[in-house]
Amino acid sequence: MASIVGKKQGGKTYYYLVESARVDGKPRIVSQQYLGSAEEVTAKLAGTPAGEPVRSQHKKFGDLAAVWSVLERLDVAGVVDSVLGRRADAGASVGTYIALATANRIVAPCSKAAFADWWASTAGPRWTKLRGPALDHRRFWDAMDRLDADHLRVIEAELGRRIVAEFDLDTRGLVLDMTNFATYIDSTNDRAPIAQRGKAKQKRVDLRLVALALVVTRDGGVPLLSHAYPGDRPDVTQFATVIEDLVTRYRDLTHGVESLTVVYDAGQNSAANHELVEDAGIGFVGSLPPSDHSDLLAIPTSRYQVVDEDRYPGLRCVDTTVTALGVKRRGVLTHSPTLHAAQSRGFDQTLTKARNRLRELQARLARGRTRRDRTAVQAEITTITKPRWVGEVLTTTLTGESPAELRLTWRTNTHARARLEERIFGKRILFTNRTHWPTVDVVAAYRSQNEVEASFRQMKDPHVVSFGPMHHWTDQKIRVHVFYSVLALTIAHLMRREAERAGLHLSVRELLHELGGIEETVLLYHDGAKGRPRARRMLTQTTDLQDHLADLFNIDRYAPTR
């Protein structure tokens with residue numbers, strides 16, 4: 001039953017449209033909508049400007065609300081605070097700050113100095129009640145200073161347990177890979193040994209590199225373990241540390257490691273690393289450099305069998321054994337026409353560049369005006385033909401002794417190119433101890449490496465779920481940054497997995513774009529009296545897809561109510 005009720009406040013009556021119903025047999029007001037003072041109600045009924053909003057605001061809502069729903073589902077803030085406790089003098093708990101930082105990494109990555117401005121542009125302050133001084137970047141880092149490496153390990157382990165249980169993740173197949181990220185700190189800073197000078201893709205000398213090892217599930221590409229280490233160390237040196245942590249974590253999750261299969265690429269190969277995997281009693285699927293196993297490459301094509309024409313059209317293989325890394329294990333030699341064509345195109349480009357450089361050198365020598373001696377010119381030729389396989393196909397001849405007499409001739413050996421394609425192109429050698437798996441499962445496991453590669457590509461996206469920019473100057477701060485950046489990736493991939501299971505085939509970027517289209521509009525009214533304008537909030541119009549996503553992530557509980 002609806003009725004209009006007047007409430008007196010400060011000597012003035014304000015009116016509300018209320019709806020009453022019986023709750024547990026007693027009359028109760030179940031909803032109410034503010035109408036305004038008598039003058040405001042009159043103006044609205046008359047349609048005069050006094051009843052119109054004086055201005056509006058637009059707040060980001062859908063993407064943040066969906067992310068927040070997953071953070072609360074996992075109780076991220078509660079897990080962190082259970083390890084650290086909450087200080088009474090803090091603007092917010094460490095767990096709340098971690099949740100906020102994670103949400104920011106996902107929907108709108110920015111520096112902590114810009115954090116308060118970003119938060120004010122969203123609807124988040126309405127349901128978290130966090131605003132003002134509590135969001136100052138200095139308070140944030142004061143709170144983060146309480147997190148050390150041991151705390152982070154405990155928190156990551158507990159969150160891993162919750163993720164596996166809450167989202168029913170299949171953890172039997174995990175993929176390991178490693179990459180580098182740039183940190184924007186002064187290159188003369190010695191307070192961050194984890195950030196070291198290296199070859200930054202940004203071509204800047206003032207950058208240092210932080211390396212990150214990531215273990216993700218084949219089921220949805222969800223990260224379960226991360227390990228940050230100095231960016232100047234080879235990946236292979238960190239493999240043992242990651243595997244030991246992974247085995248410990250996996251035993252904690254499942255009480256056994258026999259069902260675990262780890263997938264990794266040839267970059268982590270070494271006899272010591274392989275022995276560690278074997279001793280741990282876990283399965284593995286890796287790869288070997290084809291050029292190191294000429295006997296397998298010589299197997300005639302007549303012995304190749306179709307793998308699975310439906311799942312992998314054109315892929316053929318030979319199931320055999322191979323001796324590598326000090327042991328003899330199952331080997332699966334595959335040939336992919338897609339890989340073959342890609343390698344052929346790439347080699348054509350490399351050959352074209354080499355030919356062009358040889359032509360330039362040939363013309364320069366023909367003019368007889370070079371000052372370099374024969375040794376220097378031969379070194380340049382060697383550099384030009386150094387890229388893989390080029391020396392097999394391009395034949396060069398340098399004649400003359402003095403600089404003015406030096407002449408270069410070269411040709412392309414088409415027969416060598418044909419032999420190269422037949423011997424190498426399109427082939428991979430997979431290496432595994434899963435002797436009873438069907439061949440198609442071994443191939444599928446190896447190809448699941450694209451899950452972790454996609455995760456790294458996502459973290460290098462500057463707009464959503466981004467690892468950078470990172471301006472931190474101590475190991476502790478870098479490790480905290482790595483923690484909430486990886487947690488952001490975890491949340492994003494859980495959301496993508498949930499959407500996939502609901503029949504919505506969206507990338508992380510597409511998913512967040514659709515959710516971000518659900519905004520909150522704030523209409524501000526002012527009757528000319530003193531005080532803050534009165535606000536009325538509502539969501540923007542949505543599409544069917546946005547409605548589906550809103551239901552999937554239950555964001556209605558964060559929506560404004562009248």
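The model is predicted, so local features are taken only where pLDDT is at least 70 and side-chain atom pairs only at pLDDT 80 or more, while totals for chains, interfaces and linings use all residues. Residues are numbered from 1 along each chain as its sequence is written, and side-chain values use heavy atoms, leaving out hydrogens and water.

**The sheet**

Helices (H or I, at least four residues) and strands (E, at least two) are DSSP runs, numbered from the N terminus. An open sheet with mixed pairing is built from nine strands, in the order β7-β6-β5-β8-β9-β15-β12-β11-β10, where two strands pair if DSSP finds at least two bridges between them. At its edges lie β7 (223–230) and β10, each of which pairs on one side only. Within the sheet, β8 (residues 261–263) and β9 (residues 283–288) run in the parallel sense and share three bridges; Thr261, for example, has Gly283 in β9 as its bridge partner. In general, strands of a sheet pair through backbone hydrogen bonds, either parallel or antiparallel.

The table lists residues that are buried, meaning under 20% relative accessible area, with exposed being over 50% and partly exposed in between (1.4 Å probe, protein chains only).

| Helix | Residues | Buried residues |
|---|---|---|
| α13 | 374–384 | Val377, Glu380, Ile381 and Ile384 |
| α15 | 414–423 | Ala416, Arg417, Leu420 and Glu421 |

The buried residues of α13 fall within an arc of 100° when seen down the axis, so they line one face of the helix; those of α15 cover an arc of only 140°, which puts them on the same side. This arc is that of the directions from the helix axis to the C-beta atoms. An α-helix has 3.6 residues a turn, so residues three or four places apart point the same way.

The cover over the buried residues of α13 includes α12 (337–366), α14 (390–393), β13 (394–399) and β14 (407–412), and the buried residues of α15 pack against α12 and α14. On the other side of α15, His415, Arg419 and Glu422 are exposed. At the start of α15, a side-chain oxygen of Asn413 comes to within 3.2 Å of the backbone nitrogen of His415.

**Tyr312**

Tyr312 sits in the loop between β10 (305–306) and β11 (316–324), and it counts as buried because its relative accessibility is 13%. Apart from neighbours within four places in sequence, Tyr312 is in contact (heavy atoms within 4.5 Å) with Val307, Val440, Val443, Ala444 and Arg447.

Methods. A polar contact is a pair of N or O atoms within 3.5 Å; within protein, one must be able to donate a hydrogen and the other to accept it, and residues adjacent in sequence count only if both atoms are side-chain atoms.
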